[in-house]
Amino acid sequence: MSAKKTITRSRARQILDSASKTRILVIGDLMVDRFIWGTASRISPEAPVPVVEVKNQESMPGGAANVARNLAALGANAEIFGIVGRDEPARELRALLRDQNIACSGMFPSSRPTTTKTRVIAHTQQLVRYDRETREEISKNMEARLFDSLRPRLDRASAVIVGDYAKGVVTQNLLERVKSLCDERSLQINIDSRPARNLKLRGFSMMKPNRKEAFQFAKIEDENPDTSPLNDKQLLSASNQILEQFQPKVLMITLANQGMLLCQRGQKPLHIPTVAQSVYDVSGAGDTVMATFTLARAGGASLVEAAILSNHAAGIVVGKVGTAVTSRDELLRSFK
């Protein structure tokens with residue numbers, strides 16, 4: 001089934017008004033997304049590569065920190081839990097988050113470097129990206145510190161988001177302990193995890209893989225990426241396998257320029273076509289979907305309403321360059 005209805009601007013405002021009273025906890029891999037902007041008009045005499053004349057440099061919260069940034073931009077109270085290094089990117093990230101009123105008491109320094117992704121962009125075209133990071137799992141001591149910091153805050157939380165970007169912060173033990181406490185409290189806990197981690201992900205409120213990750217979770221080869229989602233037998237088979245194996249209450253598969261697919265066990269999938277007017281950069285769009293969906297559900301939205309809001313939010317951020325967010329006012333204006 002393809003979604004042909006939308007929601008009114010007044011209903012979207014009502015959901016966001018309710019969501020502004022929520023507190024959402026985000027735990028996972030924290031990063032700094034660094035962008036070096038410039039122009040390139042000549043080739044280096046030293047190698048066949050463009051010479052970029054740097055005009056500007058900008059840093060933004062990335063990974064799970066970008067999820068929290070999206071929540072804050074839409075009016076929610078966001079609190080972050082994760083590991084950073086004892087380095088300049090960590091100080092930069094803490095300042096960026098505090099500027100957006102995101103609580104950072106759950107950020108712990110360690111000997112690991114703060115994950116930093118640096119993109120060099122000329123004329124809106126990304127030329128290269130280089131990363132500084134480690135992917136080793138955190139120590140048992142650091143795992144315990146994260147859990148002990150998060151546990152007392154669950155009683156005042158409206159939802160929990162787990163952002164696993166395969167950097168080693170989300171361990172199986174930590175994941176199971178946090179999920180157990182959420183289950184005890186009937187608290188929404190949504191996860192975005194990478195298939196390569198091979199974590200046990202059974203029974204979450206929502207899973208949000210992109211198309212490539214969905215096929216990896218299902219261990220199916222993607223042979224028809226341009227097929228219409230509801231006619232794509234392989235995609236539907238992959239979604240059914242994920243629902244059967246991991247038993248999420250909701251499976252949301254993001255499909256780039258094809259929108260998203262909302263799936264539940266025993267129901268026909270719902271395809272929500274994209275509303276993006278233009279696509280400049282998909283960096284962080286999945287974070288926007290996760291944040292908006294979780295916030296909307298915490299604000300009383302139905303599954304379909306939350307998916308539609310998420311689709312609109314993603315359609316806005318892909319029209320911007322860099323790891324972008326959408327504001328509450330921008331999102332409301334997208335509903336005609």
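Mentor: Let's start with a term: a polar contact is a pair of N or O atoms within 3.5 Å; within protein, one must be able to donate a hydrogen and the other to accept it, and residues adjacent in sequence count only if both atoms are side-chain atoms. This is a predicted model, where local features need pLDDT of at least 70 and side-chain atom pairs count only at pLDDT 80 or more, while totals for chains, interfaces and linings use all residues. Residues are numbered from 1 along each chain as its sequence is written, and side-chain values use heavy atoms, with hydrogens and water left out.

Trainee: What makes the link between the side chains of Glu79 and Arg23 a polar contact?

Mentor: The distance is 3.5 Å, and the cut-off is "within 3.5 Å", so the pair qualifies. Glu79 has another such partner: its side chain and that of Arg153 are joined by a polar contact of 2.4 Å.

Trainee: Why is Glu79 called buried?

Mentor: Buried means under 20% relative accessible area, exposed over 50%, and partly exposed in between (1.4 Å probe, protein chains only). Glu79 comes out at 4%, so it is buried. You'll find Glu79 in strand S4 (residues 77-85). Helices (H or I, at least four residues) and strands (E, at least two) are DSSP runs, numbered from the N terminus.

Trainee: Which residues is Glu79 in contact with, leaving aside its neighbours within four places in sequence?

Mentor: Contact means heavy atoms within 4.5 Å. On that basis Glu79 touches Arg23, Ile24, Leu25, Val26, Ala103, Ser105 and Arg153.

Trainee: Arg197 next. Is it buried or exposed?

Mentor: Its relative accessible area is 16%, so Arg197 counts as buried. Arg197 sits in the loop between strand S9 (188-192) and strand S10 (206-207).

Trainee: What does the side chain of Arg197 reach?

Mentor: The backbone oxygen of Val170, at 3.0 Å. That side chain also makes a polar contact of 3.2 Å with the side chain of Glu137.

Trainee: What makes a group of residues a nonpolar core?

Mentor: They must be buried Ala, Val, Leu, Ile, Met, Phe, Trp, Tyr and Cys residues, joined through side-chain atoms within 4.5 Å. The largest one here has 55 residues, and Leu71 and Ile80 have the most contacts inside it. Helix H9 (residues 303-317) gives the largest share of this core, eight residues. Another core lies apart from it, with 42 residues, including Cys182 and Phe246. In soluble globular proteins, nonpolar side chains tend to be buried together.

Trainee: Which strands are in the open sheet of four strands, and in what order?

Mentor: The order is S3-S2-S6-S7, with mixed pairing. Strand S3 (50-63) and strand S7 (125-132) are called edge strands because each pairs on one side only.

Trainee: How many bridges join strand S6 and S7?

Mentor: Two strands pair if DSSP finds at least two bridges between them. Strand S6 (residues 115-122) and S7 have seven, in the antiparallel sense, so they pair.
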